Amino acid sequence: MTEMLIKNGFVFDPLNGINGEKMDIAIKNGKIVESVNEHKAKIIDATGLTVMPGGVDIHTHIAGAEVNTGRMIRPEDHIKDVVRKTALTRSGTGYSVPSTFVTGYRYSKMGYTTVMNPSMAPLGAKHTHEELNDIPLLDKATFPLIGDWWFVLEYLQKGDLEGCARHVAWMMETTKGYAIKIVNPGGLESWGFGRNVHTIDDVVPNFGITPREIICGLAKVNKMLNLPHSIHLHTNNLGIPGNYVSTLETMKALESVATDGRPVGHITHLQFSSFAGDSWGNMKSAAEEISKYINNHNHMTFDMGQVIFTDTTTMTADGPFEFTLYQLSGHKWVNSDVETETSGGIIPMHYKRKSAVNAIQWSIGLELALLIKDPWKMFMTTDHPNAGPFFKYPKIIAWLTSRKARVATLKKCHKKAQKKSLLPSIKRELSLYELAIVTRAGQAKALGLKNKGHLGVGADADVAIYNINPETLDIAKKYKTARRAVGNAAYTIKDGKVVVKDGEVVQQVDGKTMWLDVETSEEMKVDEEMKRKFRQYWTVEYENYPVFDHYVKVSDAITVKASV
Amino acid sequence: MIILTPLKKFQFPIQAENINPDVFQGKSVKEIASLPVWEGNKQKKLDGLFKIEETPAETPNITIKGDASEVRRVGQGMKTGEIVINGNAGMHLGEKMTGGKITVNGNASGWTGSSMKKGLIEIHGDASDYLASPYRGSTEGMRGGKIIVDGNVGSDSGCYLRGGIIIIKGNSGPFLGFHISKGAIYVEKNAGPRLGANMTGGKIVVSGVVEDLMPTFTVDSVKGKVKIDDTLKVEGPFYVFLGDLAETGNGKLYVSKSNNSHLSRYEKFL
C-alpha cells in the first residue's frame with residue numbers, strides 16, 4: 001500500500017496555518033503529497049475526526065545507561081504494570097521506566113511519532129543506540145551531554161571557539177547525536193570533587209571558567225555549526241527553592257548571543273527551574289516572574305516538565321541534584337560519575353497531592369504553560385520519567401484545555417498549595433490549534449525538523465487522528481471524553497502506514513534514528529595528544545569509542561553545513 | 001464453610017488468589033467451582049484441582065485440607081473472614097491482606113503476610129523467608145495487624161515494617177527487621193546476623209542469643225522488661241541499643257542480657 005487518502009477530517013496544522021479546516025490529506029510513499037488517485041488509494045474516512053501531524057516530544061528519557069539503571073533498581077515499579085504479549089506486539093513492563101517495546105507502543109497509541117532522548121553520556125552512546133533501535137514505531141534522536149566534557153571545557157578555557165566547534169561537530173558524528181545537551185553546566189564537573197556551582201558566575205574547579213562561559217560559549221558554537229536545534233539546557237540550581245533567579249540570569253546571559261531572531265537556547269523542564277522562596281517550607285511559584293520575562297523576549301524556547309501525581313522515577317545527569325533529593329527522601333538511589341564527561345543519578349519519587357511542595361510544583365508547570373502567551377515557546381512534556389511517565393500526557397492535555405479539569409485536581413491538593421496557586425485566576429484554555437502547537441508543531445520547529453510536525457507537501461506522512469469532533473465536542477467541558485480520545489488515537493500513521501487503530505497497535509514498523517553529519521571546512525583531526533588523553537583518563541581506548549554506522553539500525557543522517 | 005481438598009500432589013505452582021473469603025462470599029458451590037486458577041501456564045477451574053465441599057458451619061469460611069505448599073496467593077488482599085490450612089501453605093499467603101484471619105497448621109512459605117495492613121496470621125509451624133516483607137525493591141512494608149509464628153523464620157523477615165507486630169517463638173534468620181521504621185518484632189529464641197540493619201525506628205526484642213550485633217548500634221541502657229503490645233510484656237533484663245547509626249539511629253534493639261554474655265563489653269560505655 002503506497003497511496004493513502006485521509007478524507008474529510010478537521011485538520012489542525014499550525015505550521016501551515018490550517019486551523020480546523022475540513023480537508024483531505026494525501027499520502028504517497030511515506031510522504032505527504034498534493035493528491036493521489038482516489039480509486040487506487042486506501043481511503044481513511046476521518047469524517048468528524050481531528051487530524052493532526054504526528055506528535056513530537058522534545059524531551060523524554062527513554063533509552064541509555066541511566067534509563068536502564070532506573071529499570072534495574074525498580075522491580076516494584078514493573079510488577080504493577082506487566083504488559084502481556086499479543087500475536088503482534090511483544091511483552092514488557094511499565095510503569096515509570098517502561099521497556100523499549102512498551103515505550104514505542106504507548107507513544108504510538110497517543111499519536112506520537114517522533115521523540116527525542118535528551119541526555120546521553122557520550123560513553124554510553126553505543127548502549128543508547130542499541131536501545132533506540134529496539135523502540136518501534138517512532139523516529140528518534142538523542143542529545144549527547146557535552147556541557148561538562150573536558151575537551152569542551154579546555155577549548156572554552158582557551159577561548160578557542162572554532163576549535164570547540166570542530167570538536168563538537170566531531171562529537172555529533174562520533175556519538176550519532178542530534179543536539180548539544182548541557183546539564184547543570186560546571187556543576188557536574190564540580191560534583192566529581194563533591195562540590196556544586198550555585199550561581200552562573202561560580203568558578204568551575206580546575207578549569208577556572210564559569211557556567212556563564214560554558215552556556216554562552218556552546219550557544220555560539222551551536223550557531224557557528226548551524227545545528228538545527230538550539231542548545232538544550234538544564235539550568236544550574238535545578239529543583240532548589242529560589243532558583244528562578246539563576247534561571248533569569250541564564251536567559252539574560254543568552255540575550256547577547258541571539259542576533260538573527262532564531263532561538264539560541266531551549267530551557268528544558270522549566271517547572272523545576274521556577275521555584276521562589278528560600279527553603280522548602282516557604283517555597284512558592286515564580287511562574288509570574290519567569291513568564292513575564294519570556295513574554296518580553298523571543299530568544300529562547302521551553303518545555304514544561306509537568307508534574308503528574310504518581311509514583312515515578314527521577315533520573316538525570318545532574319548528580320548533585322539527585323543527592324539533594326536523596327537527602328530529602330532517604331529513598332534508594334544511584335549516583336555515578338561518568339569519567340570525564342558527566343555524572344548521573346536516579347532516585348524513585350512519589351509526587352503526592354497532599355504534599356505542599358509537590359502540589360506547588362504541579363501548579364507551577366501549568367501556570368507557566370498558561371501564562372506564557374505564545375504557544376510556540378512553551379511545549380508539553382513531563383520530562384519523562386522525572387515528573388511523571390509520558391503516557392499520562394492526556395491528563396496534562398485536559399489540564400491545559402479545560403479550566404474545569406484544573407480546578408477539579410486543584411481541589412484535591414494540599415491546602416497551602418491551593419492558597420498559593422495562581423491557577424484559579426487563570427482563565428486561559430488552550431484550543432485544539434494551540435494544543436497542536438505545544439504537542440507537535442512547536443516542538444518540531446524548535447528542533448529544526450523540517451519534515452515533522454506539519455502536513456504540508458513533502459512532510460513525512462506521520463499523522464495522528466483523534467476521535468474528537470471540534471464541532472460537537474467542547475473539550476473544555478467534556479475533558480474526560482477528550483482525555484480518552486487523545487490517549488487512544490483513532491489512527492496513528494507512521495511513514496504512510498497505519499500502525500495504531502482505535503488505540504491498539506496493528507502493525508510494527510521500525511523508526512529511524514536521526515543524527516547530524518556536520519560538515520566543517522576543516523575536519524577535526526584526532527591527534528596523538530587526544531589519543532594519549534583517552535589512554536590516560538578513559539576506561540576505553542579511543543578506537544572503541546565512536547558509534548559505528550552499523551550500530552544504528554535505520555540511520556537517517558542529516559547533513560548540516562557549518563560556517564566554520 | 002467451604003472445604004477444599006487437593007485432588008493430587010501439585011507438580012506446578014498454582015496461582016490461586018481466588019481462594020479468598022471475599023471472593024467466595026455469596027457464591028454457590030457451583031459458582032466457586034468455576035473460579036479460574038492458574039496451574040503453571042495453564043488456566044484451570046478450581047474444581048479441576050480441588051474437591052469442593054460445603055458444610056453448614058459458619059467459621060472458618062475456607063478450610064484447605066492437605067498439602068497446599070504449591071498453592072500460592074491464598075487470601076491475597078482479603079478483607080474479612082477466616083481461612084484455615086491444615087497442611088503447609090504456599091508463597092504469598094495473605095499478601096496485602098487488610099483484615100480477617102489466616103491459620104496455618106503446618107509450615108508457611110516465602111512472603112507470607114507480605115505488605116499486610118491489618119488482620120491476623122497464625123502459623124503453627126515454621127515460616128520461610130521474607131515473612132511480612134514487601135516485594136523486592138518496594139518499601140511498602142507491613143503496616144498493621146499481627147503475625148504469630150510458633151517455629152522459626154527464614155531470612156529477610158519483617159523488612160520495612162511500618163506498623164503491626166510480629167511474634168516469632170523460634171529462631172530467626174539473618175536480616176530480621178531490615179529498614180523497619182515502626183512496629184515491633186519479638187524473637188523468643190535466637191536472631192541471625194545483621195539484625196535490624198538500616199532500622200530507622202520501631203523496636204526489635206530478642207530473648208535469645210544475638211551472636212553478631214552490627215557495629216552501627218550504640219548501647220543506651222539496661223531495662224528490666226519490655227512491652228511488645230497491650231497483651232505481651234517480656235521479662236529481661238535487656239541491653240537497649242540505639243541504631244542503625246548509618247541511618248537516623250532512632251530504632252531500638254533490646255537484646256537479652258543473661259543470654260548474651262559476649263555483649264558485656266558494651267557495659268563500660270553505660
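## The contact between the chains

In this predicted model, the contact draws five residues from chain A and four residues from chain B. On the side of chain B that touches chain A, one residue is nonpolar, two are polar and one is charged.

## Helix 5 of chain A

Helix 5 of chain A spans residues 150-158, and within this helix A:V152, A:L153, A:Y155 and A:L156 are buried. Viewed down the helix axis, the buried residues of helix 5 of chain A fall within an arc of 160°, and therefore they line one face of the helix. The elements of chain A that cover these buried residues include helix 6 (161-175), helix 7 (187-191) and helix 8 (211-224). After helix 5 of chain A comes A:G159, which has a positive phi, near 75°.

## Cis peptide bonds

In chain A, the peptide bond from A:H384 to A:P385 is cis, with omega near -5°, and A:P385 sits in the loop between strand 20 (378-379) and helix 13 (393-401). In chain B, B:T59 and B:P60 are joined by a cis peptide bond with omega about -10°, and B:P60 belongs to the loop between strand 5 (50-54) and strand 6 (62-65).

A:L137, which is not a glycine, has a positive phi near 70°, and its place is the loop between helix 4 (125-133) and strand 10 (139-144) of chain A. With 27 other C-beta atoms within 10 Å, A:L137 is buried.

B:R194, likewise not a glycine, has a positive phi of about 60° and lies in the loop between strand 13 (182-187) and strand 14 (203-206) of chain B. B:R194 is partly exposed, with 19 other C-beta atoms within 10 Å.

Methods. Residues numbered from 1 in each chain as written. Chains lettered and ligands numbered in written order. Predicted model: local features only at pLDDT ≥ 70, side-chain atom pairs only at ≥ 80, totals over all residues. Contact = placed C-beta atoms within 7 Å. Nonpolar A, V, L, I, M, F, W, Y, C, P; charged D, E, K, R; others polar. Buried ≥ 20, exposed ≤ 12 C-beta atoms within 10 Å, placed from the backbone. Helix = DSSP H or I, 4+ residues; strand = E, 2+ residues; numbered from the N terminus. Arc of directions from axis to C-beta.
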